Amino acid sequence: MVSNAKVRGLTTIPASLSYQVVTGELRDALGFKGLIVTDSPSAKAITDPPPLPLSIPKATVEAVEAVEAGDDMVLFDLTGSAKTGLALAEHMSDALVGAVNSGRLPKSELVSAGTGAGGQGNRSLPIPQPVNTRTPGTG
């Protein structure tokens, strides 16, 4: 999980939204190949001004910025009802698809984030295999 902290000398924006931090440092410099998850977009570092127009749910903008930075998954907390959470998830999904359709985000980047491959082609997490705990012949 990448923090939303602003790292002085490295980035002026929250680390979870920074290409320099997520891709430049974590992926490239440190060679991390695993799944990268953002901290919650509702955190103070993200929700501080400048404000966005009220017609644009801020979390949807962060979802696109996070995938652009190299994150694979955007964490968000459910502070309201389940219906509100589902609506937010739908807005975030629509924003990501819209970013692909507009050319802002390459489709391959979104697909890679969705598969945990993050453009590296080899970052996919292994799929756990079921363990057979039955003794043969016991049903």
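Analyst: In soluble globular proteins, nonpolar side chains tend to be buried together. A nonpolar core is a set of buried Ala, Val, Leu, Ile, Met, Phe, Trp, Tyr and Cys residues joined through side-chain atoms within 4.5 Å, where buried means under 20% relative accessible area with a 1.4 Å probe, protein chains only. In this predicted model, local features need pLDDT of at least 70 and side-chain atom pairs pLDDT 80 or more, while totals for chains, interfaces and linings use all residues. Residues are numbered from 1 along each chain as its sequence is written, and side-chain values use heavy atoms, without hydrogens and water. The largest nonpolar core has 12 residues, among them Leu17, Ala63, Val67, Met92, Leu96 and Ala113. A second, separate core of 6 residues includes Val2 and Ile36.

User: Which residues does Val67 contact, leaving aside neighbours within four places in sequence?

Analyst: Contact means heavy atoms within 4.5 Å. On that basis Val67 touches Leu96, Leu105, Glu109, Leu110 and Ala113.

User: At what angle do helix 3 and helix 4 pack?

Analyst: Axes are lines fitted to C-alpha atoms over the stretch in contact, and angles run from 0 to 180 degrees between N-to-C directions. Helix 3 (residues 58-69) and helix 4 (residues 82-102) pack at about 50°, with axes 8 Å apart. Contributors to this contact include Ala63 and Val67 of helix 3 and Met92 and Leu96 of helix 4.

Note on methods: Helices (H or I, at least four residues) and strands (E, at least two) are DSSP runs, numbered from the N terminus. Buried means under 20% relative accessible area, exposed over 50%, partly exposed in between (1.4 Å probe, protein chains only).
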